[in-house]
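Here is a short report for a first look at a protein.

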Amino acid sequence: MATSDASSAAAAGKKRGSYNCGRCGLPKKGHVCSVAAPAGDAGTEHKLPRRALHFDEAVAPPPPPAKRVKVEVVEVDSDEGEREDRGGPVEVAGGRRLPWEAVVEVLRRLPPRGVAASAAVSRGWRECARRVWRAAEELRLRAAGVRPVGALLPRCPALSTLVLRMESDVDATMLACVAFSCPSLQSLEISMADGAANRMTGEELTRFVSEKRSLSVLKLDGCSNLAFLNINSSSLSTLWLSDLSSLSKSVINCPNMSELSLGFTQQNNDSTDLISLMDSLGRTCSNLRNLHISSIHLCNEAVFALESANLRGLCVLSLILGSKITDAAVASIVRSYASLDLLDLSGSSITDNGLGMICKAFPHTLTRLLLALCPNVTSGGVQVATAQLPLLQLMDCGKSLCANSQPEAERSYFGEIFGGIKFCSKLPVQRKQQPTYQKLIIKHANLKKLSLWGCSALDALYVNCPELSDLNLNSCTNLHPERLLLQCPSLKDVHASGCRDMLIGAIRNQVMNEFASAEPRVPCKRLADGSKRVQVPHFMLEQQFEEEKWGGGLKRSQCTVHLS
């Protein structure tokens with residue numbers, strides 16, 4: 001019995017060993033393991049068996065300490081960025097703290113100089129200023145050179161609109177700075193202060209426009225050094241260039257352009273070919289809707305060329321300072337366009353006949369008509385225009401209705417030399433022509449702005465416009481106070497600079513109703529014989545006060561009389 005128990009125990013204790021190496025996992029048969037046994041683990045080597053065909057379950061060795069430290073550093077920076085995005089309080093004056101969103105919202109309302117100064121307050125303020133620059137989409141700067149602009153623009157990666165007021169000269173360096181720092185710029189406007197000059201050339205402007213494929217609005221001031229225009233862009237929709245002079249070539253190939261404004265200097269030696277420029281617009285800018293040309297060399301032939309351009313979609317047409325534009329050009333405009341909303345022929349030589357053609361052609365579309373500096377237009381033509389244009393909202397006749405007080409030309413009463421005797425000429429006599437005064441009556445339901453500045457020929461004015469809010473009577477020197485009547489309950493601004501004191505007093509009396517309190521509120525009437533005043537019955541007074549209480553009576557808005 002004991003022998004059987006011993007043999008069974010020996011059989012139970014004897015087990016077959018592993019066929020694989022306990023160190024590397026390869027088969028033991030004919031195998032010499034090259035892996036040294038780790039110290040202290042010789043007795044436990046059999047407890048860590050590995051299978052040769054399943055290495056995926058092996059435990060990876062721990063990473064080196066340096067890598068572990070680097071991962072920890074990255075994780076700390078990420079946590080700090082998340083806390084920064086979540087935002088923390090920013091310390092303000094007196095130890096008080098505000099959320100960073102509130103500080104950023106306040107800084108957004110400051111000018112760029114104020115935002116730059118706030119970055120020097122503290123670390124929190126600097127971070128808020130950085131957020132303002134980073135999120136800025138529109139920036140308006142008044143700079144003295146390219147250096148401050150170049151330092152600020154890289155901080156604004158999302159900038160889409162840039163407006164610069166330069167106090168120093170500008171050249172191609174500014175265009176290169178803008179092109180490099182603002183990759184997504186859509187609108188650029190550069191204006192020049194007094195004493196500053198724009199030295200950009202036509203080649204530099206052409207390169208800038210071709211590189212900025214996202215640019216849609218470009219406005220430049222002082223472009224007297226361009227010498228030529230060669231602008232090709234499929235994204236440009238608005239182009240304003242002022243102070244142009246003597247362009248040898250004018251090519252504007254922008255099929256998506258909707259607004260074009262070209263202002264030329266008032267110099268007699270300007271050699272720009274306006275006729276060719278007008279004729280090419282129909283081929284290169286077929287979608288043009290707003291056109292503004294300012295030049296003293298505008299003439300009927302240029303308007304005829306614009307007619308051949310076939311710009312049927314034009315809604316705004318402004319051809320100013322063209323003293324050679326006559327009624328023939330007006331007839332061409334009437335034939336070419338059917339839905340003009342604004343027409344500006346200031347400085348032209350059109351007459352009342354041309355004004356009548358305008359009224360017959362655009363009675364249902366024209367809302368703004370500007371005829372300043374048109375000496376051949378009379379008050380009768382203005383009255384007809386306001387009567388036949390029911391949608392008119394703006395009318396400008398400044399300096400058109402002027403009194404003719406030019407002295408007569410000098411006449412020679414004696415010859416120079418007759419029979420060897422020289423006669424002395426008689427001193428010229430200055431004879432002034434009698435000025436012709438006019439009266440103007442305007443009654444319109446929709447007119448909101450009326451400009452009569454410099455109309456010295458007006459001696460009587462009657463305006464009945466319930467929607468009129470702005471009236472310009474500057475330098476109406478011959479307007480009589482007794483012949484002025486303003487019935488405009490919505491009037492807010494009246495400009496009376498250069499007018500006589502009595503006229504200013506009459507304007508204030510009518511638009512501001514300064515003496516209304518001195519007049520009796522109780523209405524009265526006189527008997528047939530004129531001997532006695534009789535009070536209106538009490539029930540009529542109650543009815544009048546009830547209408548005023550509920551808004552049925554006449555209301556006068558607050559009006560300001562501007563004297564400067």
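## The whole protein

This is a predicted model. The protein has 564 residues, and 36% of them are buried. Its secondary structure comprises 15 helices and 26 strands.

## Strand E5

Strand E5 covers residues 187–192. Five of its six residues are buried, so the strand is largely enclosed by the rest of the structure. Here, buried means under 20% relative accessible area.

## The partner E4

Strand E4 spans residues 161–166 and pairs with E5. The sense is parallel, and the pairing runs over six bridges. Leu-164 stands opposite Ile-190 of E5.

Helix H7, residues 172–181, belongs with these two strands. E4, H7 and E5 make a β-α-β unit, and the unit is right-handed.

## The partner E6

E5 also pairs with strand E6, residues 217–220. This pairing is parallel too, over four bridges. Across it, Leu-188 stands opposite Leu-218 in E6.

Helix H8 takes up residues 202–211. With E5 and E6, H8 makes a right-handed β-α-β unit.

Key:
Residues are numbered from 1 along each chain as its sequence is written. This is a predicted model: local features need pLDDT of at least 70, side-chain atom pairs count only at pLDDT 80 or more; totals for chains, interfaces and linings use all residues. Side-chain values use heavy atoms; hydrogens and water are left out. Buried means under 20% relative accessible area, exposed over 50%, partly exposed in between (1.4 Å probe, protein chains only). Two strands pair if DSSP finds at least two bridges between them. A crossover is right-handed if, with the strands pointing away from the viewer, the path from the first strand over the helix to the second runs clockwise.
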